Amino acid sequence: MLIRHPHLTRLAILGVIACAVLMMLPRSAAFAAPATAVYRGELPAAAGPGRKIEMRLKADGTMSMISDYRNNRAPVIDEGRWNPISVEQIDVIIERRDGVAVGPDTLHFVKQGDILQATPESGAQFGSQGLQLRQAQAVAAPPTVVPLIGTGNATGTWKWEGLVSSAEKIAIEQPEHYTLELQGGGKALVRADCNRGQAAYKSDGRAITIKVSGMTKVACPPGSLSERYLKALDAAVGQRIRGNSLFLDLPGEGGTMKFVRVR
């Protein structure tokens, strides 16, 4: 005869309930957000093997930095947020260390290809050579690949400064040739190098859609980004404002366009 132990029975029931709850949760709630990029590096030590560092920048705007001191102890884990400052700069804000609130402590990095280099004022704490991390892997990210900072008031004229994604970085030499004037009532004026036209846009919180129409069709000089700019505007799915900067997020791994307010 099978004898059921009351305690084991309760554990089995709790296990079934837990599995059912996880299955009903949205995937984003049941699992951690995927890493947008992983960067790794090493810091030499005067004596000993030195320190290994791995930093993960995640698609939801959070970050973690794992420091292995190779001293037979558990690695130190810093956690917090990361923010884009320009097409070449990011800030990493450390808010917790091994689960305990600290700081916050902000590290400034300059991006050069697949390298993140801490600026001198930030790198001093990592020794005379500073901190340099190399991208180890890029993982497909959801549409919003740059952390949401705020929506604010986007009406006004903006000039395009650049685009950054996991695959490329574009800096605009003449931002004043690529402008977007967002007017009231969902109307916009667009300048794409030697062409001009209009657009209709709709924003709802962090989401935005832009449909360009009525553009002139002048043949722009070689090297013009006119067509690339217009296609990117049409593809925009998200918006954020940070100070005098407007960020438009593109779907998939399309990256983020950065604008600076003109007026």
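Asp 114 is partly exposed, with a relative accessible area of 30%. Asp 114 forms a salt bridge with Arg 134, and the closest N and O atoms are 3.4 Å apart. Keep in mind that this is a predicted model. Asp 114 sits in the loop between β6 and β7, while Arg 134 is in strand β8, 20 residues apart. Arg 134 is also partly exposed, at 46%.

Next pair. Glu 161 and Lys 258 form a salt bridge, with the closest N and O atoms 3.6 Å apart. Glu 161 is in strand β9 and Lys 258 in strand β17, so this pair ties together parts 97 residues apart in sequence. Which of the two is buried, and which partly exposed? Lys 258 is buried, at 8% relative accessibility. Glu 161 counts as partly exposed, at 29%.

The whole structure has 12 salt bridges. One of them joins the side chains of Arg 81 and Glu 95, at 2.7 Å from N to O. Arg 81 belongs to strand β4 and Glu 95 to strand β5. Through shared partners, Glu 79, Arg 81, Glu 95 and Arg 96 make one network.

Now the nonpolar side. The largest nonpolar core has 28 residues, and among those touching the most other members are Leu 180, Leu 248 and Phe 259. Helix α4 gives the largest share, four residues. A second, separate core has 19 residues, including Met 63 and Met 65. Met 65 is also touched by Glu 54, a buried residue at 16%. The side chain of Glu 54 makes a polar contact with that of Arg 40, at 2.6 Å.

Terms used: Residues numbered from 1 in each chain as written. Predicted model: local features only at pLDDT ≥ 70, side-chain atom pairs only at ≥ 80, totals over all residues. Heavy atoms only, no water. Core = buried A, V, L, I, M, F, W, Y, C linked by side-chain atoms within 4.5 Å. Buried < 20%, exposed > 50% of the residue type's maximum accessible area, 1.4 Å probe, protein only. Helix = DSSP H or I, 4+ residues; strand = E, 2+ residues; numbered from the N terminus. Polar contact = N/O pair within 3.5 Å; in protein donor to acceptor, adjacent residues only side chain to side chain. Contact = heavy atoms within 4.5 Å. Salt bridge = Lys/Arg side-chain N within 4 Å of Asp/Glu carboxyl O. Lists of a residue's contacts leave out its neighbours within four places in sequence.
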